[in-house]
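Reader: I have a structure open on my screen and would like to talk it through with you. Could you take me around it, a piece at a time?

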Amino acid sequence: MADLSPIDVIKPAPPGISWTDEPRGTPWTTPPKLVQVNDVAQGYITNLSSASMINNSLDAIETGVPLAALANAMMLGGVAAGIHTIDAGILVIPVIIEMLKTTAELHGVKYKVFEDDGDSSVVPDRVVRQAIKKASSNVVEEVVEPNIEVAGLMARKPKKMESM
Amino acid sequence: MQHIKNYMNKIEALISAKEKGAKKTKEAKGLLAPTKPSTAKQQTELDVIVTFVQSIRQSREEMKNG
């Protein structure tokens, strides 16, 4: 893996590569632990009610990540861990969003559910920093030559307009 | 995220319909009857989600109001 260049990494996987691994070698190829939507939802409610999870989720919400994106990431984590299927996970996303909303509102943390929920007129700090960096790197100082009339022996004679 | 937004809108519509006490329409019989059976399992799963969301909201309001 260390010898691979970035171009090698983004190469598409050859067909049938999944068959080279041992069957049920990864959590997401094993049968899920929770099958019923009811159980999956209850599992997320229990998980999101724990003190450590509340702290972690509040840290994430404070950064301004939309709750929908957070819920989607948590759900995909559950799929990768082999806890539930992606079908059950997608069905349960509203429950995760409501739990995150509850956590944020009870702790007085501002949140947005979707990316376009916020005030679009507010420019994020990151964009401002990038704009300042870009503007300061392209500064070209203009040198204005002073208009000094040369006098004396070395002075050029002003060109006379040729008469037609 | 658009799929989640659409799904949330659907859940909101179901919740508002449930709060209003809207009755389900009668199933059509005879020639108007659907040829395929309705997705009963999906409906029940959606109902479960709606119930969960409603109960979470209710408990949140209770915790906020003390």
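Author: Before we look at single residues, one term is needed: a residue counts as buried when its relative accessible area is under 20%, and as exposed when that value is over 50%. Please also keep in mind that this is a predicted model.

Reader: Okay, then is Thr103(A) buried or exposed?

Author: Thr103(A) has a relative accessibility of 8%, and because buried means under 20%, Thr103(A) counts as buried. This threonine is found in helix H5 of chain A.

Reader: And what is Thr103(A) in contact with?

Author: If its neighbours within four places in sequence are left aside, Thr103(A) is in contact with Ile54(A), Ser57(A) and Leu58(A).

Reader: Stepping back a bit, how many helices and strands are there in chain A?

Author: Chain A has six helices and zero strands, so that, read from the N terminus on, its elements run α-α-α-α-α-α. Of the 164 residues in chain A, 25% count as buried, and among the contacts in this chain with a separation of 6 or more, 71% come from residues 24 or more positions apart.

Reader: At what angle do H2 and H5 of chain A pack?

Author: Helix H2 (residues 37-48) and helix H5 (residues 86-106) of chain A pack at an angle of about 30°, and their axes are 9 Å apart. Because angles under 35 degrees count as roughly parallel, H2(A) is roughly parallel to H5(A). The crossing of the two, H2(A) and H5(A), is right-handed.

Reader: Which residues make that contact?

Author: On H2(A) they are Val37(A), Val40(A), Ala41(A), Tyr44(A), Ile45(A) and Leu48(A), while H5(A) brings Ala88(A), Leu91(A), Val92(A), Val95(A), Ile96(A), Met99(A) and Leu100(A). Sorted by class, the contact of H2(A) with H5(A) has 13 nonpolar residues, with no polar and no charged ones.

Reader: What about Leu67(A), where is it found?

Author: Leu67(A) is found in helix H4 (residues 67-80) of chain A, and it is buried, with a relative accessible area of 0%. Not counting residues up to four places away in sequence, Leu67(A) touches, among others, Ile61(A), Leu100(A), Tyr111(A) and Ile97(A). Leu67(A) and Ile97(A) are 30 residues apart in sequence, yet 6.0 Å apart in space, C-alpha to C-alpha.

Reader: New topic: how many residues does each chain give to the contact between B and A?

Author: Chain B gives 16 residues and chain A gives 23. The area buried between them is about 2,000 Å², with 76% of it from carbon and sulfur atoms.

Key. Residues are numbered from 1 along each chain as its sequence is written. Chains are lettered from A and ligands numbered from 1 in the order in which they are written. This is a predicted model: local features need pLDDT of at least 70, side-chain atom pairs count only at pLDDT 80 or more; totals for chains, interfaces and linings use all residues. Side-chain values use heavy atoms; hydrogens and water are left out. Axes are lines fitted to C-alpha atoms, for helices over the stretch in contact, and angles run from 0 to 180 degrees between N-to-C directions. Helices (H or I, at least four residues) and strands (E, at least two) are DSSP runs, numbered from the N terminus. Angles under 35 degrees count as roughly parallel, over 145 as roughly antiparallel, 65 to 115 as roughly perpendicular and the rest as oblique. A crossing is left-handed if the near helix is turned anticlockwise from the far one by less than a right angle, and right-handed if clockwise. Contact means heavy atoms within 4.5 Å. Ala, Val, Leu, Ile, Met, Phe, Trp, Tyr, Cys and Pro count as nonpolar, Asp, Glu, Lys and Arg as charged, and the others, Gly among them, as polar. Buried means under 20% relative accessible area, exposed over 50%, partly exposed in between (1.4 Å probe, protein chains only). Buried area is the accessible area (1.4 Å probe) that two parts lose on being put together, summed over both.
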